[in-house]
Amino acid sequence: MLLRHLLLLLLPLGCSAIDCPAGRFVNATAACSDCPAGYHSAASNQTTCSVCSRGKYGTPGLAAGARSSMSAACTVCPEGAYNDQQHQTSCTACPAGRFNY
């Protein structure tokens, strides 16, 4: 572990020892980790994940060709469903007589 940190210090500024794809982030130990459920990372090599905002959700699941088990972006709730909270993993169906589009 110490050797890994020393190697990271020797890299020129702007260089990265690892390549974390979108949907993952570089954690405190300089390794790639999945963003937690309800969060996303839209770009590669991010050090934090962003919260999925109201009206959107983030779910676990392997996207085709992705190396991450989390989505790189939050998904908008489908027609007929809503989400009035942040960092959610699903949307709620609208009550009878109500709709969302």
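A disulfide is a pair of cysteine sulfur atoms within 2.5 Å. The model examined here is predicted, so local features need pLDDT of at least 70 and side-chain atom pairs count only at pLDDT 80 or more, while totals for chains, interfaces and linings use all residues. Residues are numbered from 1 along each chain as its sequence is written, and side-chain values use heavy atoms, leaving out hydrogens and water.

Four disulfides are found in the structure. With the bonded cysteines of the protein chain numbered in sequence order, the pairing reads 1-2, 3-4, 5-6, 7-8.

Distant parts of the chain, 22 residues apart, are linked here: Cys 52 sits in the loop between strand 4 and strand 5 (56-57), and Cys 74 in the loop between strand 5 and strand 6 (75-76). Strands are DSSP runs of E with at least two residues, and helices are runs of H or I with at least four, both numbered from the N terminus.

Cys 20 and Cys 32 are also joined, S to S 1.8 Å. Cys 20 is buried at a relative accessible area of 0%, whereas Cys 32 is partly exposed at 23%. Here buried means under 20% relative accessible area, exposed over 50%, and partly exposed in between (1.4 Å probe, protein chains only).
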